[in-house]
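Dear colleague,

Please find below the structure that I am handing over to you. My notes on it follow directly after.

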Amino acid sequence: MNDPRWMNRRRFLVTLGQTTGVVVAASAMGPFVGRVVASDATLRICSYGGSFQESQRKAFFDPFSKEFNVKIIEATDPDIAKVKAQVMTKNYEWDVVDMETRHVARGEVEGLLEPLDLSIIDTSHIDKMAVRKCAVANDFWTTGLAYNTKNLGGKEPAQGWADFWDVKRFPGPRAMQNQAPFNLEFALIADGVPMEKLYPLDLDRAFKKMDAIRDHITVWWKNGAEQIQLLSTGEVTYSTAWNGRISVAKAKGAPLGFVWNGGCFDMDWWCVPKGNPNKKLAMQFINFALSAKRQAYQFGELIPYGPTNLEAFNSIPEERARELPNYPANAKVQFLQNADYWGEHLAAVTERWNAWMLG
């Protein structure tokens, strides 16, 4: 544990428990302390499943559960629409949600998320880009261009989005994620728009470019496991994909490659649904997960996404750091997704995307 406040509280609890041998009343020390000492607390966390959530389980869930006698119940497939339904009905299925930037931005616009409790969460060592009013990011990740090396038969792979759209020079079945964000930015880059001039998106131009690739997309994937299966088995030669999932699959022997050039740099954010009665324990978990030690373990050993705690890099070997999205050489050839643009426009553009998919 690197957070001195947390260490002090932990040590205090242990000392107090050893001294008294009894459960401390919540009213005497605040609601969070009461929950932990009572040893019957439950925390429900929703994330993205697969190798990513497996790494979170090892780095955060299991250590937090063991150290504080908190039962962790996991769920998958987070979505701001599901958060909204829980907040509106006050039927909370999730206490902590790991969501992508556009969902967090939308949640803030609609008042669906609790503000960060900075009396519990220490953000002093967190990258300033990774702190918002109602969320703090755990990692940097990249959606980029990935390919199956066996399918290429020794030929050079596509090196960017213009190549991905060039099905004659770079043949082979392709896959993309079934959503507007990322795809529309990649379409504009393929059409010659510089990365620094992507926002606000020229939607007409982006959808026109998507028209040009639609017939060559054999699968519109919906989750991280599906993208890896499609690429690893060679069902598709090229696909949009997440860098960490590709690296984990490569380490297990899958014939995959990944292109940083033109990748979309984004973050996964911890947040708490508005009005959640378990919010103090949720905030304490978030603080636990943000420590440099925990992030260095997750990203240095388990899955190569980038830490948001700047001190975590001190414990990650240079060779490993080169695999991470926010390593300088990788970051400089990517663009950062504009969260505020997507927070404002996500619903309308998604409606247009769904209509385009049916057309």
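Does Arg322 count as buried, exposed or partly exposed? Arg322 counts as partly exposed because its relative accessibility is 47%, where buried means under 20% relative accessible area, exposed over 50% and partly exposed in between, with a 1.4 Å probe and protein chains only.

This is a predicted model, in which local features need pLDDT of at least 70 and side-chain atom pairs count only at pLDDT 80 or more, while totals for chains, interfaces and linings use all residues. Residues are numbered from 1 along each chain as its sequence is written, and side-chain values use heavy atoms, with hydrogens and water left out.

Salt bridges

A salt bridge is taken as a side-chain nitrogen of Lys or Arg within 4 Å of a carboxyl oxygen of Asp or Glu; the count by this rule is 18. Arg322 pairs in this way with Glu318, with 3.9 Å between the closest N and O atoms. Glu318 is likewise partly exposed, because its relative accessibility is 42%. In another salt bridge, the closest N and O atoms of Arg57 and Glu74 are 2.7 Å apart. That pair links distant parts of the chain, 17 residues apart: Arg57 belongs to helix H4 (residues 50-68) and Glu74 to strand E2 (residues 71-76). Helices (H or I, at least four residues) and strands (E, at least two) are DSSP runs, numbered from the N terminus. Asp163 and Arg169 also form a salt bridge (4.0 Å, N to O); Asp163 is buried at 17% relative accessibility, whereas Arg169 is exposed at 57%. Lys84, Arg106 and Glu110 are joined in a network of salt bridges.

Nonpolar core

A nonpolar core is a set of buried Ala, Val, Leu, Ile, Met, Phe, Trp, Tyr and Cys residues joined through side-chain atoms within 4.5 Å. The largest has 105 residues, and those touching the most other members are Leu43, Trp165, Leu184, Met210, Trp270 and Phe285. Strand E8 (residues 256-271) gives the most to this core, 10 residues. Leaving aside neighbours within four places in sequence, Met210 has contacts (heavy atoms within 4.5 Å) that include Trp165, Leu184 and Trp353.

Helix H10 (residues 203-213) contains Ile213, which counts as buried because its relative accessibility is 0%.

Yours sincerely
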